[in-house]
Amino acid sequence: MKVVVCIKQVPDTKGGVKFNPDGTLDRSAMLAIMNPDDKAGLEAALRLKDRYGAEITAITMGLPKADEVLREALAMGADRGILITDRVLGGADTWATSSTLAGGLRKLEYNLIITGRQAIDGDTAQVGPQISEHLDIPVISYAQNMRIEGDYVIVERQFEDRYHVLKAKMPCLVTALSELNQPRYMTPGGIFRACEAKITVWGRQDLKDVDDRNIGLKGSPTQIARASDKVRKGAGEKVELDAGESASYLICKLTEKHIISYQGKSGD
């Protein structure tokens, strides 16, 4: 059984974010981590390896420094790491990213592709399903539990306050929630092996069946009008009232903003 896990190096948003003049993220200037949903997807693949002896390939698209998350994946137990990196691929939106990853995946053998539901630097949840469309394979998204039965994958798909049980024949793609599992830690032996491992690096010329019009910033139909850091809130209005007056004041303010509808008695 061959499983490919798509992982992404994302900015550690706790340290703040920085932007390039064109509105894209300045990834080289920020601390980076493995995307949490992707790490849960990697753990799901590693559990398949533990149970069925699956071969795990981790693949990512990004700057050369993105090999860090691939080495983390290898230290956790993945067998192979592939980095897709090229200047012409920079500035990609979800469409261009999924087109690029699909071009790499076409060169691999796989029974199952696992991606995270979404990345914390975009929150679109689009790349996984788009990859499945490019490759013309079934997709099950929002996986909170997963198991294999013969040639099929059985998935509990999160849905509001319940879940759907869906079954798809492999090859197929599953997008994982961070709630899917608790990812394992890297082992000391795994870290040593990962440091010595050779990461496979692919550029634009290595992608299969990908049109130049669908890659990089020029191939991204999403246009960013403006980008900024979190908007800082003002100090707000401060008042000093007793308990009764405070309650009346608060009700008036909430009513003015149409947050609540209140019709009190005369004199309230």
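Predicted model: local features only at pLDDT ≥ 70, side-chain atom pairs only at ≥ 80, totals over all residues.
View 1. Glu-72 belongs to helix α2 (residues 67–76) and Lys-39 to helix α1 (residues 36–52), so the pair ties together parts of the chain that lie 33 residues apart in sequence. Glu-72 counts as buried because its relative accessibility is 18%, and the limit for that class is under 20%. Lys-39, with a relative accessible area of 24%, is partly exposed. In general terms, side chains of opposite charge can pair when their charged atoms come close.

View 2. The side chains of Glu-43 and Arg-184 form a salt bridge, given as 2.8 Å from N to O. Glu-43 lies in helix α1, whereas Arg-184 lies in the loop between β10 (172–176) and α5 (188–196), so this pair ties together parts that are 141 residues apart in sequence. Glu-43 is buried, with a relative accessible area of 3%, while Arg-184 counts as partly exposed at 28% relative accessibility. Both residues also take part in a network of salt bridges that links Glu-43, Arg-47, Asp-50 and Arg-184. For the whole structure, the search finds 14 salt bridges.

View 3. An α-helix has 3.6 residues a turn, so residues three or four places apart point the same way. Lys-253 counts as partly exposed, at 28% relative accessibility, whereas Glu-256 counts as exposed, at 54%.

**View 4. Helix α2 and the elements that cover its buried residues.** Seven of the 10 residues of α2 are buried, so this helix is largely enclosed by the rest of the structure. After α2 comes Gly-77, which has a positive phi, near 140 degrees.

**View 5. The second largest pocket and its lining.** The volume of the second largest pocket is about 190 Å³. The residues that line this pocket are Pro-36, Lys-39, Glu-72, Met-76, Ser-178, Gln-182, Pro-183, Arg-184, Tyr-185 and Met-186. Helices α1 and α2 are the elements that give two or more residues to the lining. By residue class, the lining divides into five nonpolar, two polar and three charged residues.

**View 6. The surroundings of Ile-7.** Ile-7 is found in the loop between β1 (2–6) and β2, where Ile-7 is buried, with a relative accessible area of 4%. The C-alpha atoms of Ile-7 and Ile-59 are separated by 6.2 Å, although these residues are 52 residues apart along the chain. Residues up to four places away in sequence aside, Ile-7 touches Met-34, Asp-38, Ala-58, Ile-59, Thr-60, Val-69, Leu-70 and Ala-73.

**View 7. Ile-224 and the chain as a whole.** Ile-224 is found in the loop between β11 (200–202) and α6 and is partly exposed, with a relative accessible area of 46%. From C-alpha to C-alpha, Ile-224 and Asp-93 are 9.9 Å apart in space, while in sequence they are 131 residues apart. The secondary structure of the chain comprises six helices and 11 strands, and 40% of its 268 residues count as buried. Of the contacts between residues at least 6 apart in sequence, 70% join residues at least 24 apart. The accessible surface of the chain comes to about 16000 Å², with 50% of this area belonging to carbon and sulfur atoms.

How values were computed:
Residues numbered from 1 in each chain as written. Heavy atoms only, no water. Helix = DSSP H or I, 4+ residues; strand = E, 2+ residues; numbered from the N terminus. Buried < 20%, exposed > 50% of the residue type's maximum accessible area, 1.4 Å probe, protein only. Contact = heavy atoms within 4.5 Å. Areas by Shrake-Rupley, 256 points an atom, 1.4 Å probe, with all protein chains shown as cover. Salt bridge = Lys/Arg side-chain N within 4 Å of Asp/Glu carboxyl O. 1 Å grid on protein atoms, 1.4 Å probe; cavity = no way out; pocket = protein on both sides within 12 Å on 5 of 7 lines; lining within 4 Å. Points joined across faces, edges and corners; volume = space filled by probe spheres on them. Nonpolar A, V, L, I, M, F, W, Y, C, P; charged D, E, K, R; others polar.
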